[in-house]
Amino acid sequence: MSSPADRAASIAALRSDLTGAGFAVAALTDLWGEEAAEALHRGQRVPAERALGRLQESALSTLARLFVLGRAVPADAARSALPALGTDGAAALGLLRREGGVVAPAVDLRPYAFVDALGPAEWWIVSDLGELALGHALPEDHVLGVGGASMTLSGLMLQRPARWALDLGTGCGIQALHARRHADRVVATDISPRALKLAALNAELNGVDGIEFRLGSMFEPVAGERFDHIVSNPPFVITPRVDGVPAYEYRDGGMVGDALVEAFVAGCGEHLEPGGVAQLLGNWEYHGYADALDRVRGWIDGSATPLDAWVIERDTEDAPGYAETWIRDGGTRPGTPAFDELLGAWLDDFEARGVRQVGFGYLLLRRAEGVPTLRRFERIHGSLGAIEAGLGVALDAALAAHDLQTALDDDTLGTLRLSVAGDVTEERHLWPGSDAPTAILLRQGGGFGRTVSADTGLAALVGASDGELSVAAIVGALAQLLEVDEDALRADLLPAVRGMLVDGLLSVPPQD
């Protein structure tokens, strides 16, 4: 067994080799082209392989073929691509397997680029080989790399400074790495020893310290501890608990239905500091024709710790479609007897429990300092707005705006001079020949891409909000212009102003 010093030297050598080869997202895209890169995202490697076959061999192409495409390469080529680490060093780190005159990948290793509030950055992420490289269904202890759900959660992550953060169910460690960008210390937990091993390797490879890795289920490894920020992409997939159905550690939490998400909601509050925030992805079941968000609301209302809550459902899938998605995710191909058998088990389970469809979305929970003031349950099943640094920026601003407007009575709110956000556009619809609009739509370009249906008064108030006049002054002027009662107009407009503040269509610039 190598010493810690030897391991550190090997990881430094690997870092040097990857840097020297230019092993980065942009370089790989340039290597095989945009179309091949898109095909790889869809799980198709043939276009990338064809592109590499037309190029002269280089360190970058060898590493790409080996670690991204999951193909064996000649041992001499691997040694040339890893001059500092060498193939023996790579094998000792668990990256390669030597097979005669060739070396084969033992893991997936690829660059990952992102932008957050601190700016652009790039890491290398090690995970287990996927279905394409393995040539068969995934093993149950598979450690997943950076996928769509991972990027969704990292994009949603609040980026405000924190002393202690918790990444529950860390997997390859990607959320812990992101959390360390704003937290002084991070605890990362998982039920999988292999996941913790790869997550620790990823932290070392990318020079990220301050992360403590702990083995255990749910909140057991942090009993009695509290955090300023908890993030989790938990194993929330709803899987039948019957023999013959694989239970993948990275996605199946071992509970029936959506009980794992319910358990997270029940337990997170006692592990949050007052004002601390928990963010997670989750599924929830629709039983018959009952509203699944009402079930989620019940979980939150039943928490022993008072919680503010903002729950967003992004999509739903009917029972057969949901089952098919996750059976394919495990590497079992449609049209095979194994696929049909698994689909039957899933549908039997859903039918027995009256599950008609499954919702997917995200939850933001905050330990309330007193009576909870935030109770927001909504469906956003369309496209979102564009924020390069991620939706976490918009969520953070929304929380701050919610707290601000909640603390103000209507008279104090009226004294504020507000500004319309720069990404808001106005759209008017008129019948041909008419001067009066039949519909006025205020559209948000960033954030959640919201559209607000406005009447003439609200549209005029928003249009006049340039940071110069107070809300009360604008309402007074509009009442005279529209020849309506000022108090009635104020009662009509101020609730909309509060909502638009939270949603980011209006903001509070620095007041004199």
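Predicted model: local features only at pLDDT ≥ 70, side-chain atom pairs only at ≥ 80, totals over all residues.
Residues are numbered from 1 along each chain as its sequence is written, and side-chain values use heavy atoms, with hydrogens and water left out. Local features need pLDDT of at least 70 and side-chain atom pairs count only at pLDDT 80 or more, whereas totals for chains, interfaces and linings use all residues.

**Exercise 1. Describe the salt bridge between Arg375 and Asp301, and state where in the chain its two partners lie.**

Step 1. A salt bridge is taken as a side-chain nitrogen of Lys or Arg within 4 Å of a carboxyl oxygen of Asp or Glu, and the structure holds 31 of them.

Step 2. For Arg375 and Asp301, the closest N and O atoms are 3.1 Å apart. The pair links distant parts of the chain, with Arg375 in strand E13 (residues 375-379) and Asp301 in helix H13 (residues 292-301), 74 residues apart; helices (H or I, at least four residues) and strands (E, at least two) are DSSP runs numbered from the N terminus.

Step 3. Arg375 is partly exposed at a relative accessible area of 36%, and Asp301 is also partly exposed, at 48%, where buried means under 20%, exposed over 50% and partly exposed in between (1.4 Å probe, protein chains only).

**Exercise 2. Identify what lines the largest cavity.**

Step 1. On a 1 Å grid over the protein atoms alone, a cavity is a set of points where a 1.4 Å probe fits but cannot get out, and lining residues have an atom within 4 Å of a point. The count comes to three cavities of 30 Å³ or more, and the largest holds about 80 Å³ of space, with grid points joined across faces, edges and corners and the volume being the space filled by probe spheres set on the points.

Step 2. Its lining includes Leu153, Gln279, Trp310 and Tyr362. Helix H9 (148-156) and strands E10 (272-287), E11 (307-318) and E12 (355-367) are the elements that give two or more residues to this lining, and E12 gives the most, with three residues.

Step 3. The lining divides into nine nonpolar residues, one polar and no charged, where Ala, Val, Leu, Ile, Met, Phe, Trp, Tyr, Cys and Pro count as nonpolar, Asp, Glu, Lys and Arg as charged, and the others, Gly among them, as polar.

Notes
1 Å grid on protein atoms, 1.4 Å probe; cavity = no way out; pocket = protein on both sides within 12 Å on 5 of 7 lines; lining within 4 Å.
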